[in-house]
Amino acid sequence: MALFKLENVEDLYEIGEVLGSGHFGQVREVRERATGTLWAGKFLKLRKNASSRLGIERKSVEKEVEILQTLQHGNIMAIRDVFESRAEVVLIVELIRGGELFDFVAEKENLTEREAIEFLEQILHGVQYMHSKRIAHFDLKPENIMLSEKAVPHPNIKVIDFGLAHHFEQGEEYKSISGTPQYIAPEVINYEPLSEATDMWSIGVITYILLSGMSPFQGDTDGETLKNIVDMTYEFDDYHFKQTSDMAKDFIQKLLRKEQNERMTADECLLHPWIKPLTRKQAATRNRSSINMKNFKRFNAKRKWKMSYNMVSACNRFCRLQLLCKPSIKVDEELRQCESDQEDTETKPETLLRRRLSSSS
Ligand code: AMP
């Protein structure tokens with residue numbers, strides 16, 4: 001079992017600015033007092049009791065920590081330490097300074113497929129490694145793909161957020177209905193056994209978006225999106241894919257398969273000619289084809305707007321709730337809890353998906 005230190009985190013680390021917010025708390029920059037080294041601290045509010053729906057269960061944090069401690073790879077966020085108090089667990093993790101890959105790409109004027117593949121290849125290496133340890137991420141999406149640094153010639157990818165990840169036991173059947181609608185595979189929606197192939201579907205969706213700025217299954221509502229996924233309703237429309245190579249489309253098609261055992265594995269992806277060209281002609285095609293930057297920028301702006309809209313509305317709901325129930329709560333506490341509050345306010349049938357739903361609709 002993962003060991004959580006009982007010391008006060010603030011005795012060892014100076015807590016700095018907020019870097020981002022997750023579903024159960026905030027991520028902040030922290031400075032190690034002894035060395036001055038900067039890290040990120042992921043502050044997770046613990047669930048007070050079994051009947052409470054606010055906060056995260058301790059055993060879920062243990063699972064995330066055990067998984068992170070198992071994974072040591074250049075493309076996966078590293079964990080350094082864990083602290084626990086009565087109400088909170090703090091994960092001290094590697095500080096990732098370069099922001100999200102999609103934001104980095106959206107700032108560019110143009111990007112060839114070959115340049116996009118440099119990033120994709122790194123994602124695949126990270127995923128190949130975790131799958132070799134029988135760990136699946138189950139929440140691969142743009143928000144969880146970051147860059148160590150961005151002002152360098154070849155930025156390094158870091159996969160983050162292992163909050164939904166699972167370590168498969170030998171012969172284990174694992175089902176879960178968690179994830180983010182746009183990126184989840186049909187087996188998640190159908191509550192069927194999941195596998196590492198479930199991540200490969202998400203990589204297919206991410207690649208599709210990266211190349212075209214379109215989300216393959218996006219409907220007007222989450223319900224419609226989920227239906228499109230189950231019905232496998234997607235296409236490469238000529239307008240958005242006119243700059244895309246046939247090899248890229250072939251790569252995506254081999255991931256967006258309903259049957260898990262028909263999808264390419266991470267190993268197979270790394271050998272696909274789009275990633276690893278066998279001939280000069282294949283290599284040249286990747287240089288000639290480019291991503292649909294105009295549409296990609298539009299997609300990313302909309303994605304960011306939705307993320308901040310969801311965060312503000314969740315916080316507003318939470319603040320209203322707190323004003324009614326506990327007028328004395330500190331502002332900082334409110335902000336830390338606002339994401340968890342989203343769970344309590346889910347009412348639509350399609351919100352069967354336990355977490356992350358609000359970030360996509
Ligand atoms: P998470 O709860 O892991 O999904 O993280 C929430 C947000 O915090 C992410 O979307 C990032 O913007 C930010 N974040 C998470 N981990 C790190 C990190 N190690 N370094 C910098 N920012 C991070």
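Here are some questions and answers about a predicted model of a protein chain with a ligand.

User: How many helices and strands does the protein chain have, to get us oriented?
Analyst: The chain runs to 361 residues, and 54% of them count as buried. As for its secondary structure, the tally is twelve helices and nine strands.

User: What share of the contacts between residues at least 6 apart in sequence join residues at least 24 apart?
Analyst: Take contacts in the protein chain, with heavy atoms within 4.5 Å, and keep those between residues at least 6 apart in sequence. The share of these that join residues at least 24 apart is 67%.

User: And the surface: how much of it belongs to carbon and sulfur atoms?
Analyst: The accessible surface of the protein chain totals about 17100 Å². Carbon and sulfur atoms account for 52%.

User: Why is strand β4 largely enclosed by the rest of the structure?
Analyst: Buried here means under 20% relative accessible area. β4 covers residues 79–84, and the strand is largely enclosed because the number of its six residues that are buried is five.

User: Which residue in β5 is the bridge partner of I79?
Analyst: β4 and β5 (residues 88–93) are antiparallel partners, joined over five bridges. They make a hairpin, with three residues between the two strands. Within that pairing, I79 bridges to V93.

User: Now the ligand. Which strand gives the largest share of the shell around it?
Analyst: The shell holds 16 residues, with G22, K42, E94, I96 and D161 the closest. β1 (13–21) and β3 (38–45) each put in at least two shell residues. The largest share is three residues, and the strand supplying them is β1.

User: What is the make-up of that shell by class?
Analyst: Going by class, four of the shell residues are charged and three are polar. The nonpolar count is nine.

User: Which residue puts a backbone N or O atom 2.9 Å from a nitrogen atom of the ligand?
Analyst: K42 has a polar side-chain atom 2.9 Å from a ligand oxygen, so to speak a side-chain case by the 3.5 Å cut-off for polar contacts. D161 also uses its side chain, with an N or O atom 3.0 Å from an oxygen atom of the ligand. The backbone atom 2.9 Å from a ligand nitrogen belongs to I96.

User: How much of the ligand's exposed area does the protein bury?
Analyst: D161, as noted, has a side-chain N or O atom 3.0 Å from a ligand oxygen. Taken alone, the ligand exposes 480 Å². Of that area, the protein buries 89%.

How values were computed
Residues numbered from 1 in each chain as written. Predicted model: local features only at pLDDT ≥ 70, side-chain atom pairs only at ≥ 80, totals over all residues. Heavy atoms only, no water. Buried < 20%, exposed > 50% of the residue type's maximum accessible area, 1.4 Å probe, protein only. Helix = DSSP H or I, 4+ residues; strand = E, 2+ residues; numbered from the N terminus. Pairing = 2+ DSSP bridges. Areas by Shrake-Rupley, 256 points an atom, 1.4 Å probe, with all protein chains shown as cover. Near = heavy atom within 4 Å. Polar contact = N/O pair within 3.5 Å; in protein donor to acceptor, adjacent residues only side chain to side chain. Nonpolar A, V, L, I, M, F, W, Y, C, P; charged D, E, K, R; others polar.
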